[in-house]
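Dear colleague,

Please find below the structure that I promised to pass on to you. My notes follow it, and I would be grateful if you read them with the structure open.

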Amino acid sequence: MTEHHSEVVAAIEHLGLRSGEGLSTLELLRGYREQVEADAAGLENPRAVVEYLDFFNDLVTRTINECERIAAGLRQGIS
């Protein structure tokens, strides 16, 4: 295995870790959204909180997709 190959493999592994962390973050965001919806009456502006959470949900989802896309491209490059 060349040094370049091992660096690419390490990058693929790193991207996989980031994707996994992103999935964990999505679970947290979903839980927070459920809490906001359950406690909406006690919040001044629950809609704004939900929109804020949805923004980050979308951001993290796009980041996971990009990590997976880049990792797939790297895998193709070393096959």
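**What was found in the model**

The cover over the buried residues of helix H1 includes helix H2. Please bear in mind throughout that this is a predicted model.

The two helices

Helix H1 is made up of residues 3-38 and helix H2 of residues 46-78, and their axes come within 9 Å of each other, crossing at roughly 160 degrees. Because angles over 145 degrees count as roughly antiparallel, H1 is roughly antiparallel to H2. The crossing in which H1 passes H2 is left-handed. In the contact of H1 with H2, the residues divide into 22 nonpolar, 6 polar and 5 charged.

For H2, which has 33 residues, the distance from the first C-alpha to the last is 48 Å, close to the 48 Å expected at 1.5 Å a residue.

Helix H1, residue by residue

Which residues of H1 are buried? They are Val8, Ile12, Leu15, Ser19, Gly22, Leu26, Leu29 and Val36.

Serine 19 lies in helix H1. Its relative accessible area is 7%, and because buried means under 20%, serine 19 is buried. Leaving out residues up to four places away in sequence, serine 19 touches Ile64, Cys67 and Glu68.

Valine 9 is also placed in helix H1. Is valine 9 buried or partly exposed? With a relative accessibility of 24%, valine 9 counts as partly exposed. Valine 9 and alanine 71 are 62 residues apart along the chain, and their C-alpha atoms are separated by 9.2 Å.

Glutamate 3, in helix H1, has a relative accessible area of 61% and is therefore exposed. From glutamate 3 to glutamate 37 there are 34 residues in sequence and 51 Å in space, C-alpha to C-alpha.

Helix H2, residue by residue

The buried residues of H2 are Val50, Leu53, Asn57, Val60, Ile64, Cys67 and Ala71. What covers these buried residues of H2 includes H1.

Leucine 74 has its place in helix H2. At 26% relative accessibility, leucine 74 counts as partly exposed. Which residues does leucine 74 contact, if neighbours within four places in sequence are left aside? The contacts of leucine 74 are Val8, Ala11, Ile12 and Leu15. Leucine 74 and valine 9 are 65 residues apart in sequence, while their C-alpha atoms are 8.2 Å apart in space.

Alanine 72 is found in helix H2 as well. The relative accessible area of alanine 72 is 35%, which makes this residue partly exposed. Between alanine 72 and glutamate 27 there are 45 residues in sequence and 24 Å in space, C-alpha to C-alpha.

With kind regards

How values were computed
Residues are numbered from 1 along each chain as its sequence is written. This is a predicted model: local features need pLDDT of at least 70, side-chain atom pairs count only at pLDDT 80 or more; totals for chains, interfaces and linings use all residues. Side-chain values use heavy atoms; hydrogens and water are left out. Axes are lines fitted to C-alpha atoms, for helices over the stretch in contact, and angles run from 0 to 180 degrees between N-to-C directions. Helices (H or I, at least four residues) and strands (E, at least two) are DSSP runs, numbered from the N terminus. Angles under 35 degrees count as roughly parallel, over 145 as roughly antiparallel, 65 to 115 as roughly perpendicular and the rest as oblique. A crossing is left-handed if the near helix is turned anticlockwise from the far one by less than a right angle, and right-handed if clockwise. Ala, Val, Leu, Ile, Met, Phe, Trp, Tyr, Cys and Pro count as nonpolar, Asp, Glu, Lys and Arg as charged, and the others, Gly among them, as polar. Buried means under 20% relative accessible area, exposed over 50%, partly exposed in between (1.4 Å probe, protein chains only). Contact means heavy atoms within 4.5 Å. The expected span of a helix is 1.5 Å times one less than its number of residues.
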